[in-house]
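I opened a new structure today and kept notes as I went. The entries follow the order of my look-ups.

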Amino acid sequence: MGKNQTLLKSQLEAAVLLLKKLSEELSPQYIGLITTSGHTLTSLAATGFNGDSDSLASLASGSFAATREMARLMDDFDFTVMLHEGNNVNIYIVQVTDDVLLVICFGKKTHIGKVRLLAGRMTGALAEALRNAPPELTRQRLTQADVYAEGVGRVIDELFDVEGEQHGPY
Amino acid sequence: MALINLAAGEINYKIVYYGCALGGKTTSIQYVYKKITPQVKGKLVSIATEEERTLYFDFLPLTLDKVRGLKTRFHLYTVPGQPQYNASRKLVIQGIDGIVFVADSQIDRLDDNVEAYLNMWDNLADQGDSPLDLGLVMQYNKRDLTGIFPSADLNDLLNQTDSDWVESCALTGEGVFEALRNVTKQVIARTNAAAEGMAPDPSRA
């Protein structure tokens with residue numbers, strides 16, 4: 001792809017409002033927007049949810065991508081929804097935009113049909129909220145990119161210091 | 001592509017360890033997990049076969065301190081090295097920002113290295129990417145063994161993009177962080193360049 005994807009505060013706030021609304025209806029253990037690359041845009045988790053959201057996003061995007069490819073092998077090019085049913089928790093994944101997925105983890109008390117219906121209705125509004133930001137808005141916020149890059153470079157040097165590495169007698 | 005989440009104050013990058021089977025990709029990421037400051041690392045997730053060969057990917061998230069109000073996050077992945085899992089490799093490299101190509105320095109693994117390197121180009125091309133547009137570092141691994149190519153020769157044979165290269169022994173960790181440092185700086189520099197490219201044209205002011 002080669003291009004950066006930028007998410008503005010206004011976009012995220014709009015998306016979070018929609019997720020909260022959906023969360024009130026479904027009482028999920030976890031609900032989140034993730035990218036198809038496995039990054040989390042935002043997520044809400046119920047009290048007591050012990051899952052690791054980074055791992056969940058990575059695995060959910062991988063699982064969705066793998067299942068979509070299986071569908072394509074069978075000539076289905078319009079695969080947008082996936083459901084995993086477990087003993088105690090179900091995972092529902094629906095595609096929101098080309099790059100964004102909605103992931104909902106919910107218990108047995110929530111009916112799958114309700115999740116499917118409400119999540120399906122919500123995807124259009126979420127897609128609208130996440131529509132690409134105008135370039136003039138993103139460029140304003142990236143004007144200090146050089147300062148950021150220099151600062152991160154220093155952090156990386158400290159963090160990835162080779163001092164801790166062992167050197168073998170080759 | 002980097003995900004710049006201005007609302008959350010985060011920039012997310014995806015770095016993938018690519019290379020032939022049993023070359024040292026998983027060992028490298030495991031070494032990073034073992035040695036890096038605990039506050040920085042998340043859980044190491046591996047989807048592996050019963051023989052501990054990578055089936056789909058390994059995944060390790062790293063979160064750096066804030067700079068200019070932005071938190072930097074690197075998601076490290078490996079691809080499965082075995083050729084029969086090429087479909088999985090294609091999925092793992094979606095949205096990629098940088099690559100650490102881990103080559104096995106042993107002379108008898110040259111064909112496998114070349115095949116993996118060409119496969120990397122093919123798979124990136126399939127999704128409209130090119131190694132020329134990404135951060136890329138060559139990590140010449142297993143330098144502790146006998147029967148290996150001199151690194152300069154291996155570099156002549158493999159490194160078609162004239163990318164930076166690092167000698168390593170993933171088992172002991174030598175070179176692993178150097179390669180990671182190199183590729184992370186490359187991807188950040190590329191984001192920086194992209195941001196500068198977005199700056200308003202002064203001639204239009």
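Entry 1, ground rules. I am working with a predicted model, where local features need pLDDT of at least 70, side-chain atom pairs count only at pLDDT 80 or more, and totals for chains, interfaces and linings use all residues. Residues are numbered from 1 along each chain as its sequence is written, and chains are lettered from A and ligands numbered from 1 in the order written.

I counted five helices and six strands in chain A, taking DSSP runs of H or I with at least four residues as helices and of E with at least two as strands, numbered from the N terminus. Their order along chain A is β-α-β-β-α-β-β-β-α-α-α.

Chain A has 170 residues, and 32% of them count as buried. Buried requires 20 or more other C-beta atoms within 10 Å of the residue's own, exposed 12 or fewer, and partly exposed lies in between, with C-beta atoms placed from the backbone.

A:Ser27 has a positive phi, near 45°, and sits in the loop between helix H1 (9–26) and strand E2 (30–35) of chain A. B:Glu52 also has a positive phi, near 65°, in the loop between strands E3 (45–48) and E4 (54–67) of chain B. Most residues other than glycine have a negative phi. B:Glu52 counts as exposed because it has 9 C-beta neighbours inside 10 Å.
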